[in-house]
Amino acid sequence: MSNDTITVDQLTDWLTRFRDLVTEQVSYLTELDSAIGDADHGSNMTRGMGAVVEKIHASPAGTVDELFKGAGMTLVTSVGGASGPLYGTFFLRIGTTAGPRTSLDAPGLAAALRAGLGGVVARGKAEAGDKTMFDVLSPALAAFDAAVDVSSDLSTAAHAAYFAAQTGRDATRALLARKGRASYLGERSIGHIDPGAASTALLFQALVETLGEE
Amino acid sequence: MIGIAVVSHSPRLAQSAVDLALEMVGAEGPAIAIAAGAGDGVTGTDAIKVAEAITEVSSPDGVLVMMDLGSAVMSAEMALEFLSDADVPVKLTSAPFVEGLMAAVVRAAGGASLDDVEREARGALQAKQTHLDDDDDDELPGPQAGPAAEHSIEVALRNPHGLHARPVAMLVTAVSAFEATVTVANVRSGGLPVPANSPTALLGVGARQGDTISVAAAGRQAREALDAVNALVQRGFGELETPGAAAVPEDCAARPDRERSSEASSGGPIGVSPGLAVGPIVRMPEPLAEPAPAPELTLNERAEAVERIEAAAASVARALMDKANRVSGAAREILEVTSMMATDPGLIGDARARVTDDGHTPERAVWAAVGDITSIFREQGGLLAERIPDLHDVRNRIVAELLGRPAPGLPDRAEPYVLVARDLAPADTALIDPALCRAIVTVEGGPTSHTAILARALGVPAVVAARHALEIREGSVVIVDGTTGMIVVDPTDEQVATAEQESGRVVAFDGTGRTLDGHRVQLLANVASPDSVAAALEANAEGVGLFRTEFCFLDHEEAPDVEEQVAAYRRVFAAFPGQKVIIRTLDAGADKPLAFVTAEDEANPALGIRGYRTAWRSPKLLDSQLQAIAIAAAAEAADVGVMAPMIATVDESIEFVSRCADHGLRTVGVMIETPAAAITALDILQVVDFASLGTNDLAQYTMAADRLAGELALLNDPWQPAVLRMIREACRAGVATGKPVGVCGEAAADPLLAAILVGLGVTSLSMSPRALGGVAELLKSVTVEQCRDAAATVVAASSATVARTTAAALLVRA
């Protein structure tokens, strides 16, 4: 069965699954972050997404912008670390771009995600190869867009994005960090996967799972 | 005036930086709001909080946003998107967090514009850069030609430390009040004039006491501005007063105030912690400075230099391991890890490379190699950052070894000694083992310095301001009298014998506390567990003024049952038949956490659920305790009183009395440890039978200074006039209601302070048994009238130092 659109309920499910994944993998993310950061990415994301899901389950969103603006604001106040403003901006821009709609089609989601990426770049000033979440988001969205060009099926696009995200994530291992705390480590940051890249890959894994349920 | 928003990962960091900055300007400072930490005590930043902080200090003149690092910058940028009022200019600055904040606060207080404040803040590293000689950026505000000066004066700086931070702030503030452009130059150093509205530039002038500065001014109010500067300089920026001169009799006033001017040339050593001790001098090694640059080693020298590093590191590792083998538990683990750090291949490899490749001397190579590692640790924060002191310790030990100097830090001795140091850091003082360190002598410091306070707490005699102490040969035997400040070097055998006899003398307490004229003051013992009863009995205590019950609960997963408690309480009650025993209900929380009663994750445990407040959460625990006390009291013949810790309101007192009544307990009191209880003591004493002052907490809460923070020791001093006035308030209530008010804090053990407390109206003093003799002796030498007069003078003192020296002058016989 194909998915031409994604509803607010499904997008809520996406965020819930993302929460589940970061929670499940909290120690993996923390381990990654303890190698090249301050060992709080796992707990920060778990806490932040926990707060997001708690909030949307308490008062379910009616529209896409309501959902993502709420999620973004919650992350900003509950994460603490740099992931707060970064993921927060990502979701806020998705919300603003999607507008008060109750569902998105593939081009609509692609445009929203693209705006989210723009927000992350504006906020973090990261470029390709800096060993950040950008190195996952950017190839994932490129793959997503490419898939949307040839098929209206969101599930296909999500799979393509997730595949690219995994590749992007694993490629951060060889990179020298140029942003965030890891950048202080210089050469010593080489050989470790970037924790932000890893959590971003989970975001696409969650999207695949959401759309696979249909 | 602009507002300042301070964004940091850590509320503590932000608050400390703000406190530091506000010290410079006092009440006239700009509005400052802190946005630090994310929700629920999470380290990090929250863009919404930042936006709220900006709004809070919003002013038409604008808001400057100071940030520490990482997410702070991103959250601040994000916050700008949330702001609604586009009319308020907001500026994010890349200024250094601490120095920049200080510069910004001072400039803002002077009414400078947002742009000017921001520029000043951004240039705030200049003083440090100039000092460390790494100033390679001439864009920063700094020396520049002054205006065409219409008027100028030359004045010599009189205050002890010249143009340091505080005088600079006063100068900037004074000058900003006038329509004039003012510059300052240091005549001694021949430096260029710098603008007098730039604190960082003024600090860079480096003018010291005795230096002449040239002050030039142009503009309509040039003359007035110069007059104001001149007045400030002549008054020594308010740093010339010798406190005590007014209140203290002549013989005492001759003692210079060491707190303010350690370079003062007259005046002898000051005894600050009473007692007599004899022992050989061990000098505290001077702290190591970064090794000076040295010429590059020749290629031939490098191989040997590398070997020296390895040998020194191995020797330090061995010494640490030996030390580890002599201790156990956590201390052992720490020493073992530190020992391993000394020979860490990364560290040694790095140092070796610096010698082999760059020709650095071994000591510089080790210094730099450790510096690199610590900067990474510091950026990482958390557990890694906590290891930095250990790394510095290792570095200092290796470098000392390389230089053939003694290892820094407290001397590692197995035999008793007298410690001589220039000054002691609180951290060093805290590690002193009173069993080995017989006395402390410092060149610097004053009667209320950390050293003095901690030495008194440890019961170690101490003398400060002993200017020539470092000239005494290491190993010389000295006699130190911590009461008079006398130091006898190389004493005769006879003198040593007398002193040893004297120091070993425990002034016996005859069991009846009284003044010279027979005014009765009960002298009681503090008892922390049934095991400490023997010491109290041996010291002839008149009873127990504070029986702490925490021992019953510590190391327990759950509350002990009533039976267990009854048995423990009876052991203490049984020792004092017919005598007073005041038992205090569980005092947990803050520095005494207990798994089953105290809250976790309190942002500020000292202001949290502690003392009597734990009974809100665990009422049954209190009831079981009261029941056990009632049973134990009924079974023994002691005169038992019960009191609750940390009472803040009359209602709590009423509630406690009624709970005690439920168990048939009739003599019920409360502890007065909060300013709230002290100032409502009159109402509280109407519902309870007695009160007992806990001076340690009362000082902490009155002075708003965490007891556990060594840096605040000067504030946490019961001699602080504010604390003494709190005590006076409670004592007045005691006199008015005819109910006894005792003291069971640290203050009661200081003979001099004990006499002041008696003068204020305290009816009993409870202390550690070993202090009873000394307190009894002093009380017997003065009349209650003398105590009252001294108390009246002391509560009006201008500082803790003045209070103590005044008391000594009035109460200690020459």
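Ala465(B) sits in the loop that joins β13 (462-464) to β14 (477-481) of chain B; strands here are DSSP runs of E of at least two residues, helices are runs of H or I of at least four, and both are numbered from the N terminus. The structure is a predicted model, in which local features need pLDDT of at least 70, side-chain atom pairs count only at pLDDT 80 or more, and totals for chains, interfaces and linings use all residues. Residues are numbered from 1 along each chain as its sequence is written, while chains are lettered from A and ligands numbered from 1 in the order in which they are written.

Although Ala465(B) is not a glycine, its phi is positive, at about 60 degrees. Ala465(B) is also buried, with 27 other C-beta atoms within 10 Å (buried means 20 or more other C-beta atoms, placed from the backbone, within 10 Å of the residue's own).

In chain A, the loop between α2 (26-36) and α3 (41-58) holds Ala39(A). Phi of Ala39(A) is near 60 degrees, positive in a residue other than glycine, and Ala39(A) is buried, with 20 other C-beta atoms within 10 Å.

Turning to helix packing, the axes of α29 (751-760) and α31 (784-795) of chain B come within 7 Å and cross at roughly 95 degrees; axes are lines fitted to C-alpha atoms, for helices over the stretch in contact, with angles running from 0 to 180 degrees between N-to-C directions. α29(B) is therefore roughly perpendicular to α31(B), a term for angles of 65 to 115 degrees. Residues in contact, with backbone-placed C-beta atoms within 7 Å, include Ile756(B) of α29(B) and Arg788(B) of α31(B).

Definitions and conventions. Parallel < 35°, antiparallel > 145°, perpendicular 65-115°, else oblique. Contact = placed C-beta atoms within 7 Å. Buried ≥ 20, exposed ≤ 12 C-beta atoms within 10 Å, placed from the backbone.
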